[in-house]
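Visitor: I have a model open and would like to learn how to read it feature by feature. Could you walk me through it?

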Amino acid sequence: MAESLKLEVLDPPADSRHRFAPIRYNEDDWDLTHLDSFAFKADIGFEVTVVVIFSCHCFSHSVRWDTRPQSEIPEAEIYRDDREESVLDPLRYHLSKTLLRELVIALPSRHIIVANVKSRNFLTWEMQAKGGKQSIYAVFFDVEKDQRRGQRLILRVQSAYLLDQGLTRRQKDAKKVRLVTLLKAAYAGRTINP
């Protein structure tokens, strides 16, 4: 029998709010409130709270991934936070606004694969039509036990973007795992074996 998980979305605890300030891209104002952290309760044999946090790579990409030389990237397109700088990406922003939060909320019923065992990195995806062809919107995330709070886990969405070449062979062959299994393993400090 497959394990199932009932997800009850909550407001996050006050000490875990993670928010992005609004930004301006060219002439457009980007409201990033859809990427505010949120929490949900999960029963993994006992109740835990899972706090979901989004990274800036849900609406930006690495400077080294940009097709332009770094010296040609306009300053107005650079996003800086306390850890890094990246390049604002209108497509990532649009997809995050229209798809990302709902995909995360639907994780209990979605296909999830182990993207990288060593870093406890996981992947779920959604097929999208782009320019008349099918594309894959990939969401990469990790889950870890909160070291400051008992019975709380942190699910960090590391990045979300269209895969230009589709899933790799390794991703196609990767082990599938249910969210409840990931949460149990993260709580116990175990890795998911491929």
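Guide: Here is a short tour, from the whole chain down to single residues.

Guide: This is a predicted model, so local features need pLDDT of at least 70 and side-chain atom pairs count only at pLDDT 80 or more, while totals for chains, interfaces and linings use all residues. Residues are numbered from 1 along each chain as its sequence is written, and side-chain values use heavy atoms, with hydrogens and water left out.

Visitor: How many helices and strands are there in the protein?

Guide: Helices (H or I, at least four residues) and strands (E, at least two) are DSSP runs, numbered from the N terminus. The protein has three helices and 12 strands. Buried means under 20% relative accessible area, exposed over 50%, and partly exposed in between, with a 1.4 Å probe and protein chains only. Of the 194 residues, 48% count as buried.

Visitor: What share of the contacts comes from residues 24 or more positions apart?

Guide: A contact means heavy atoms within 4.5 Å. Among contacts in the protein with a separation of 6 or more, residues 24 or more positions apart account for 59%.

Visitor: Now the sheets. In what order do the strands S6, S7 and S8 lie?

Guide: Strands of a sheet pair through backbone hydrogen bonds, either parallel or antiparallel. Here two strands pair if DSSP finds at least two bridges between them. The three strands form an open sheet in the order S6-S8-S7, with antiparallel pairing. Strand S6 (60-62) and strand S7 (78-80) are the edge strands, each pairing on one side only. On average, neighbouring strands of this sheet are turned by 45° against each other, direction ignored; axes are lines fitted to C-alpha atoms, for helices over the stretch in contact, and angles run from 0 to 180 degrees between N-to-C directions.

Visitor: How many bridges join S6 and S8?

Guide: S6 pairs with strand S8 (residues 85-88) over three bridges, in the antiparallel sense. Look for His-61, which stands opposite Val-87 in S8.

Visitor: Is Ser-86 buried or exposed?

Guide: Ser-86 sits in strand S8, and it counts as buried because its relative accessibility is 0%. A polar contact is a pair of N or O atoms within 3.5 Å; within protein, one must be able to donate a hydrogen and the other to accept it, and residues adjacent in sequence count only if both atoms are side-chain atoms. The side chain of Ser-86 makes such a contact with the side chain of Ser-60, at 2.7 Å. Not counting residues up to four places away in sequence, Ser-86 touches several residues, including Cys-56, His-57, His-61 and Tyr-79.

Visitor: Which side chain does Asp-66 join through a polar contact?

Guide: Asp-66 is in the loop between S6 and S7, and its side chain is joined to that of His-61 by a polar contact of 2.8 Å. Asp-66 counts as buried, at 12% relative accessibility. Leaving aside neighbours within four places in sequence, Asp-66 is in contact with His-61, Ile-73 and Val-87.

Visitor: How many disulfides does the count come to?

Guide: A disulfide is a covalent bond between the sulfur atoms of two cysteines. The rule used here asks for a pair of cysteine sulfur atoms within 2.5 Å, and by it the count comes to zero. Cys-56 is in no disulfide, and the nearest cysteine sulfur, that of Cys-58, is 8.3 Å away. That is too far for a bond. Cys-56 is buried, with a relative accessible area of 1%, and Cys-58 is buried at 0%.

Visitor: What is the phi of Gln-151?

Guide: Most residues other than glycine have a negative phi, and most peptide bonds are trans. Gln-151 has a positive phi, near 55°. Strand S11 (133-145) and strand S12 (152-163) have Gln-151 in the loop between them, and their hairpin has six residues between the strands. S11 and S12 pair in the antiparallel sense over 10 bridges, with Val-157 in S12 as the bridge partner of Phe-141. Gln-151 is partly exposed, with a relative accessible area of 39%.

Visitor: Where is Asn-26 found?

Guide: Asn-26 is in the loop between strand S2 (23-25) and strand S3 (28-30). Although Asn-26 is not a glycine, its phi is positive, about 55°.
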